[in-house]
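Dear colleague,

Please find the structure below, handed over for your study.

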Amino acid sequence: MPGTSSVDALREIGLAHGLDRVGVTSAEPFASTLGDLEDRRERGLSADMQFTYRNPGRSTDPARTLEGVRSLVVGARAYPPPPGAGRNDGGRPRARVAAYAVDDHYAALRIGLDAIARQLVAAGHRARVLLDDNALVDRAAAHRAGLGWFGKNANLLIDGLGSWVVLGSVLTDASLAPADAPMPDGCGGCTRCLDGCPTGAIVAPGVVDARRCLAWLLQARGTFPAEHRIALGDRIYGCDECQEVCPPSRRAVRTGGLDPSPASPASTGPTLDVVDLLTLDDDRLLAEVGRWYIADRDPDVVRRNALIVLANTASLPLAAPLESVLITYLGHPSPLLRSHAVWAARRLGRDDLLGRVRADTDHQVRLELARPVAARQGSSTPASSPVGAPPR
Ligand code: SF4
């Protein structure tokens, strides 16, 4: 249909190219979202997250990205969560990857949005695709385009798909009439995500405190907060908990509304071998987790997370190869990794491995030595008290 840019035609093209939902909205600035972003940044709820917080004025005003923009065509691409996988493989612990990060779902989304953009350009309009980009608050665009409602877990929830979706938009100077009104709230009296978040990070309906959100803490640099390490469990990247407990998202999985697509070469798989993560060199480790957002692309952020997963999930008594990895990290040149290895050893009830690190002069390491740690059940020292002098 060359030259056609009616909403129905664009929707048909998007759906034919793999999108699961397509909606249209105006390109007016998202004023209330701007207020929310600024308010949360001021209250410290965004921690040191950048993304759309870096420049809220830009990410809530499509005209700052495409001059003369009049409409947004918003697409959603669903991804099914991977089936539960065994998380301890013959004594080698495995770390869990959140569903959205298992594969490059944005590649499939881009195919659909690019097809829509090509059609608009063929009809004589300008068009720019934005996805996984801090230049636009994609959930606000999808909400106003009528694709779904804002859940109390701050995700966009779509009838039949839940929140298992990635979102993106085509910005265009074509004037397209919005076809659907924003959807009313569908959460009702449900509070399962608020109650189910492992760290209580959903501090009010729709408001997530990044300082407690495991998904953010796994990406952030520096010391992983000690008070959230046990709650981290076996997660190495991302957290699906507020989706897994959510009735509309569970229903979407149960009723088969989410079509599995074959894994691409970019797929990490739903779990990764913890020992591999702790023994690969920098280049191979970063290649293994290639598309993930990691602060400063620093592989030690992944190793830090892997040490916590090791401590939380390794079978006890600790097998010799795992003990040997832990000993290596207790002598690692990085204080960040040494300090997390100290916590891991103590969580595993293996204070006997601390050896020379007890005399470590690094402040971070000394803090870990001074901190009481609840050793796991089944370890030889069920309650571990401070083992070093307090930090100087
Ligand atoms: Fe809404 Fe309940 Fe889902 Fe939370 S768990 S997003 S309250 S439906």
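**Salt bridges**

Arg229 and Glu368 are both buried, where buried means under 20% relative accessible area, exposed over 50% and partly exposed in between (1.4 Å probe, protein chains only). Please note that this is a predicted model, in which local features need pLDDT of at least 70 and side-chain atom pairs count only at pLDDT 80 or more, while totals for chains, interfaces and linings use all residues. Residues are numbered from 1 along each chain as its sequence is written, and side-chain values use heavy atoms, with hydrogens and water left out.

The side chains of Arg229 and Glu368 form a salt bridge (2.9 Å, N to O); this term means a side-chain nitrogen of Lys or Arg within 4 Å of a carboxyl oxygen of Asp or Glu. Arg229 belongs to helix α9 (residues 229-232) and Glu368 to helix α17 (residues 363-370), so the pair ties together parts that are 139 residues apart in sequence. Helices (H or I, at least four residues) and strands (E, at least two) are DSSP runs, numbered from the N terminus.

Across the whole structure, a search finds 14 salt bridges. One of them joins the side chains of Asp180 and Arg11 (3.6 Å, N to O). This pair links distant parts of the chain, 169 residues apart: Asp180 is in the loop between β8 (165-172) and α7, and Arg11 is in helix α1 (residues 7-16). Asp180 is partly exposed, with a relative accessible area of 31%, and Arg11 is partly exposed at 22%.

A further salt bridge is made by the side chains of Asp209 and Arg211 (2.9 Å, N to O). Here Asp209 is buried, at 6% relative accessibility, whereas Arg211 is partly exposed, at 41%.

**Two helices in contact**

The axes of helix α14 (residues 299-313) and helix α16 (residues 335-347) come within 8 Å and cross at roughly 5°. Axes are lines fitted to C-alpha atoms, for helices over the stretch in contact, and angles run from 0 to 180 degrees between N-to-C directions. The helices α14 and α16 are therefore roughly parallel to each other, a term for angles under 35 degrees; over 145 is roughly antiparallel, 65 to 115 roughly perpendicular and the rest oblique. Contact means heavy atoms within 4.5 Å, and the residues making it include Leu307 and Ile308 of α14 and Leu336 and Trp343 of α16.

Yours sincerely,
A colleague
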